[in-house]
Amino acid sequence: MFNRNKQKTFKPKRKVKKGTKRYLLYQQAKASLGLTTNLKTAVKLPPGEDVNEWLAAHVLDFYNRTNLLFGAIEEFCDEETFPEMTAGPNFVYLCAEEGTKKAVSVPARKYVDLLFTWMTSKFDDETIFPTDTNTPFPKNFREIVSTIFKRMFRVYAFIYVHHFKKMQELELEAHLNSVFKHFLFFIHEFDLVDKKEFLPIVSLVDNFMKS
């Protein structure tokens with residue numbers, strides 16, 4: 001699942017190449033959010049647009065937002081306090097090395113580091129996220145994007161279960177809630193994450209989806 005490295009968890013922002021269809025859709029998505037508070041409408045695929053381009057633009061945007069949010073509490077995720085990546089006592093997230101089937105438990109900070117590194121490797125792969133309009137998306141693109149969103153959700157579950165008070169202290173509660181709510185409406189619109197993943201924070205998810 002992941003490739004190991006020794007870099008800090010926080011990763012550089014992933015940029016959408018200007019002049020591309022994906023960039024235009026990215027700008028359109030940002031503009032629509034500024035014009036409406038109705039997230040259900042804002043996340044919908046614009047008429048006549050390529051759904052894969054819409055998914056690509058958003059997964060990159062959510063990666064950047066999630067990366068920044070985790071970066072805010074990263075220093076508080078020492079291995080002694082968080083020896084595993086969990087979302088409460090009943091939910092432990094495991095990871096496996098790329099090319100192997102064996103899943104192992106690693107400290108939370110290491111898990112997120114490996115996860116973000118794995119994501120960037122996918123974003124940098126032109127066969128998965130092509131920047132050339134003449135290059136088609138792979139047939140399993142939606143499956144890849146769904147996996148990315150599923151694993152990204154786990155970062156939010158970890159933050160809400162273990163670090164919500166710290167986010168409040170940092171005065172980042174409103175921003176966290178805003179980004180996560182947008183995230184939820186998007187994955188719901190395109191049915192990207194199995195609802196069983198919501199279990200660690202299902203009450204919170206339900207409240208956001210109803211608000």
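Author: Begin with burial: a residue counts as buried when its relative accessible area is under 20%, as exposed when over 50%, and as partly exposed in between. The model here is predicted.

Reader: How is glutamate 74 classed, buried or exposed?

Author: Glutamate 74 has a relative accessible area of 2%, so it is buried.

Reader: Which side chain does glutamate 74 meet in a salt bridge?

Author: A salt bridge needs a side-chain nitrogen of Lys or Arg within 4 Å of a carboxyl oxygen of Asp or Glu. Glutamate 74 pairs with arginine 109, at 3.1 Å from N to O. The pair ties together parts 35 residues apart in sequence, because glutamate 74 lies in the loop between helix 3 and strand 1 and arginine 109 in helix 4. Arginine 109 is partly exposed, at 31% relative accessibility.

Reader: How many salt bridges does the rule give?

Author: The count is five. Among them is lysine 44 with glutamate 189, whose closest N and O atoms are 3.5 Å apart. This pair links distant parts of the chain, 145 residues apart: the loop between helix 2 and helix 3, and helix 7. Lysine 44 is partly exposed at 38%, and glutamate 189 is partly exposed at 29%.

Reader: What separates lysine 166 and glutamate 169 in helix 6?

Author: About one helical turn, because they are three residues apart in that helix. Their side chains form a salt bridge at 2.9 Å, N to O. Lysine 166 has 24% relative accessibility, so it counts as partly exposed.

Note on methods: Residues are numbered from 1 along each chain as its sequence is written. This is a predicted model: local features need pLDDT of at least 70, side-chain atom pairs count only at pLDDT 80 or more; totals for chains, interfaces and linings use all residues. Side-chain values use heavy atoms; hydrogens and water are left out. Helices (H or I, at least four residues) and strands (E, at least two) are DSSP runs, numbered from the N terminus. Buried means under 20% relative accessible area, exposed over 50%, partly exposed in between (1.4 Å probe, protein chains only).
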